[in-house]
Amino acid sequence: MNKLNNKLELNQVLTKLQDLLLIHLLVESVDWEEENKIFVQIASYRDPQLVPTIQDMLKKAKYPNNLIFGICWQYDESEPVDMFDDNPNFRVAKYHYSESQGLGWARHITNTLYSGETYTLQIDSHHRFVQDW
C-alpha cells in the first residue's frame, strides 16, 4: 500500500510539473512588446482605491502601453470621473452610485467595453501589483 501511495504522489507531482512547464512555455512564447493587449475590467462602486489601483498597475507593468481599461465607474461627487476622458487606453462607463444595479450588472457593463483585445483580466478596484507583472 505504501508503494502505491508513493507512486500516486509521484504521478501527482509529475503532472503538476508538466502543467507548470506548459504554462511557462506559453508565457515565454508571447511577444509582449507587440500588439498583445490586455483588457483590464474593473467594476468600481464608490471606491477611493480605484485611481491608486490604476496608477500602481500602470507604474509596475512591464508593458503599460498594452493595457486597455474597461471601467464601470459607479461614482459619487467626490471622485474625479473625468480624469481618463482623453486617454484612448480607457473606456469608462460612468454611473452615479444611485443608478447602480449591483456587481453583476457592473461587470456586465465592463464586458460591453471589450473590443477584441488578446487577453482579459478582471480585477477589483483595490489591488496592488508586483514590479514587471
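This is a predicted model: local features need pLDDT of at least 70, side-chain atom pairs count only at pLDDT 80 or more; totals for chains, interfaces and linings use all residues.
Me: How many aromatic pairs does the structure hold?

Reply: There are seven of them. To read one, look at the distance between ring centres and the angle between ring planes; over 60 degrees counts as edge-to-face. For Phe39 and Tyr114 the centres are 5.6 Å apart and the planes stand at 65°, so this pair is edge-to-face.

Me: Where do Phe39 and Tyr114 lie?

Reply: Phe39 belongs to strand S1 (residues 38-45), while Tyr114 is in the loop between helix H3 (103-112) and strand S4 (119-123); the pair therefore ties together parts 75 residues apart in sequence. Now try Tyr95 and Trp105: with ring centres 4.8 Å apart and planes at 70°, they are edge-to-face. Tyr95 sits in strand S3 (residues 90-96) and Trp105 in helix H3, so the pair ties together parts ten residues apart in sequence. Tyr95 is partly exposed at 23% relative accessibility, whereas Trp105, at 16%, is buried.

Me: Which residues do ring pairs link into a cluster?

Reply: The cluster is made up of Phe69, Trp73, Phe84 and Phe90. Two of its members also face each other in the sheet: Phe69 stands opposite Phe90 in S3.

Me: That brings us to the sheet. In what order do the four strands form it?

Reply: First the general idea: backbone hydrogen bonds pair the strands of a sheet, in either a parallel or an antiparallel way. Here the order is S3-S2-S1-S4, the sheet is open and the pairing is parallel. S3 and S4 are the edge strands, each pairing on one side only. On average, neighbouring strands are turned by 15° against each other, direction ignored. As an example of a pairing, strand S2 (residues 67-75) and S3 run parallel and are joined by seven bridges.

Me: And what does helix H2 lie across?

Reply: Helix H2 (residues 50-60) lies across S1, S2, S3 and S4, and runs at about 170° to S2. H3 also lies across S1, S2, S3 and S4, running at about 150° to S1.

Me: How many salt bridges does a search of the whole structure find?

Reply: The search finds six. Take Arg46 and Asp76, whose closest N and O atoms are 3.5 Å apart. Arg46 is in the loop between S1 and H2 and Asp76 in the loop between S2 and S3, so they tie together parts 30 residues apart in sequence. Arg46 is partly exposed at 37%, and Asp76 is buried at 15%. The charged end of Arg46 also sits over the ring of Tyr97, 3.9 Å from its centre.

Me: With which residue does Arg91 form a salt bridge?

Reply: Its partner is Glu117, with the closest N and O atoms 2.6 Å apart. Arg91 lies in strand S3 and Glu117 in the loop between H3 and S4, so the pair ties together parts 26 residues apart in sequence. Arg91 is partly exposed at 22%, but Glu117 is buried at 8%. Elsewhere, salt bridges that share partners join Asp82, Asp85 and Lys94 into one network. Within it, Lys94 and Asp82 have their closest N and O atoms 3.1 Å apart.

Notes:
Residues are numbered from 1 along each chain as its sequence is written. Side-chain values use heavy atoms; hydrogens and water are left out. Rings of Phe, Tyr and Trp (its six-membered ring) pair if their centres lie within 6.5 Å; planes under 30 degrees apart count as stacked, over 60 as edge-to-face and the rest as tilted. Buried means under 20% relative accessible area, exposed over 50%, partly exposed in between (1.4 Å probe, protein chains only). A charge sits over a ring if NZ of Lys or CZ of Arg is within 6 Å of the ring centre and within 35 degrees of the ring normal. Two strands pair if DSSP finds at least two bridges between them. Axes are lines fitted to C-alpha atoms, for helices over the stretch in contact, and angles run from 0 to 180 degrees between N-to-C directions. Contact means heavy atoms within 4.5 Å. A salt bridge is a side-chain nitrogen of Lys or Arg within 4 Å of a carboxyl oxygen of Asp or Glu.
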